Amino acid sequence: MNDDKEATSSERNCSTEFQSPQQMDWIRIQDSLKRQLITEDDFKWRLPSTMMNEREKEGSNCEILLKYVGGVDLSFSKEDSSIACGTLVVLDFQTLKVVYEDSSIVRLHIPYLPGFLAFREAPVLLELLDKMKKNAHPFYPQLLMVDGNGLLHPRGFGLACHIGVLADLPTVGVGKNLHHVDGLTESRVREILRAADSPENVLPLIGDSGCTWGAAMQSSHGSLKPIFISVGHRVSLATAIETVKMTCRFRVPEPIRQADIRSRERLRNHQ
């Protein structure tokens with residue numbers, strides 16, 4: 001996992017005023033994909049009944065339980081930052097045991113540019129998903145968690161949205177850093193979380209415009225570093241928060257944590 005993904009304040013300005021032709025082209029692609037974005041629940045599964053309240057049970061017509069949840073992450077070589085290992089894992093939702101994993105070591109030719117992380121990382125991760133889908137693997141994920149932001153992004157279309165739309169998968173973004181979006185800052189959110197008297201430690205991220213961009217959550221007891229949850233594609237924020245809660249054993253939800261562990265290990269063995 002890369003804790004510095006699109007994180008610094010100097011990198012958060014995605015104004016088109018000084019963009020290169022390449023960046024302008026990427027903006028056009030983002031805008032086109034964003035028109036396909038679905039930010040409400042749009043799936044045929046439901047959470048296990050033990051994890052639903054009575055109202056949700058009565059209103060659910062879905063017979064298929066959420067059983068397989070995926071996680072994707074890229075790790076980078078310390079010796080050569082252009083060498084990366086992309087990893088896809090799938091976990092059994094109730095046991096959180098890994099039932100599938102695949103990875104790919106690649107050389108990346110697209111540099112990291114703030115606001116355009118997806119153009120560097122998404123092709124590697126989408127290829128792993130596509131390979132699994134083409135093989136009609138029975139563990140293909142019903143929900144995917146991405147180490148990166150979704151709507152919580154300067155252009156409202158981060159890595160989780162990009163992957164979700166192109167793979168047509170319900171997708172959740174889980175970031176470890178907060179973009180400076182719509183007046184939201186990481187220090188401000190941490191202060192509010194510390195002062196909040198909430199047993200769930202979840203804070204909606206509402207910008208100055210009144211728009212809700214995602215949620216900050218202190219996922220592990222005593223942690224001073226929240227994670228930042230946002231909609232990727234085909235899930236509501238409420239579902240995104242609930243599924244992240246259910247899969248957190250440590251600070252980061254288990255699908256992403258396991259993808260990170262395995263990608264780092266694969267890189268070490270490769271080198």
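**Helix α3, one turn.** I began with D130 and K134, which both sit in helix α3, four residues apart, about one turn of the helix. The model is predicted. The two side chains form a salt bridge, with the closest N and O atoms 3.2 Å apart. I looked up their accessibility next. D130 is partly exposed at 36% relative accessible area. K134 is exposed, at 67%.

**Other salt bridges.** I counted 13 salt bridges. I picked out D42 and R234, whose side chains meet at 3.3 Å, N to O. This pair links distant parts of the chain: D42 is in the loop between α1 and β1, R234 in the loop between β10 and α6, 192 residues apart. D42 counts as partly exposed at 33% relative accessibility. R234 is buried, at 14%. Shared partners join D42, D168 and R234 into one network.

I then turned to E101 and R262, where the closest N and O atoms are 2.9 Å apart in a salt bridge. E101 belongs to strand β5 and R262 to helix α7, so the pair ties together parts that are 161 residues apart in sequence. E101 is partly exposed, with 43% relative accessibility.

**The sheet.** I traced an open sheet of eight strands, in the order β5-β4-β3-β6-β7-β10-β9-β8, with mixed pairing. Its edge strands are β5 (98-107) and β8 (202-206). The twist averages 25 degrees from one strand to the next.

**T87.** I placed T87 in strand β4. Is T87 buried or exposed? It counts as buried, at 0% relative accessibility. Beyond its sequence neighbours, the contacts of T87 include G71, V72, D102, L125 and R262.

**Cores.** The largest nonpolar core has 33 residues. Among those with the most contacts inside it are L143, M145, V172 and I229. Helix α6 gives the most to this core, with four residues. A second, separate core of 25 residues includes Y68, A122, L129 and A160.

Methods. Residues numbered from 1 in each chain as written. Predicted model: local features only at pLDDT ≥ 70, side-chain atom pairs only at ≥ 80, totals over all residues. Heavy atoms only, no water. Pairing = 2+ DSSP bridges. Helix = DSSP H or I, 4+ residues; strand = E, 2+ residues; numbered from the N terminus. Axes fitted to C-alpha atoms, helices over the stretch in contact; angles between N-to-C directions. Core = buried A, V, L, I, M, F, W, Y, C linked by side-chain atoms within 4.5 Å. Buried < 20%, exposed > 50% of the residue type's maximum accessible area, 1.4 Å probe, protein only. Contact = heavy atoms within 4.5 Å. Salt bridge = Lys/Arg side-chain N within 4 Å of Asp/Glu carboxyl O. Lists of a residue's contacts leave out its neighbours within four places in sequence.
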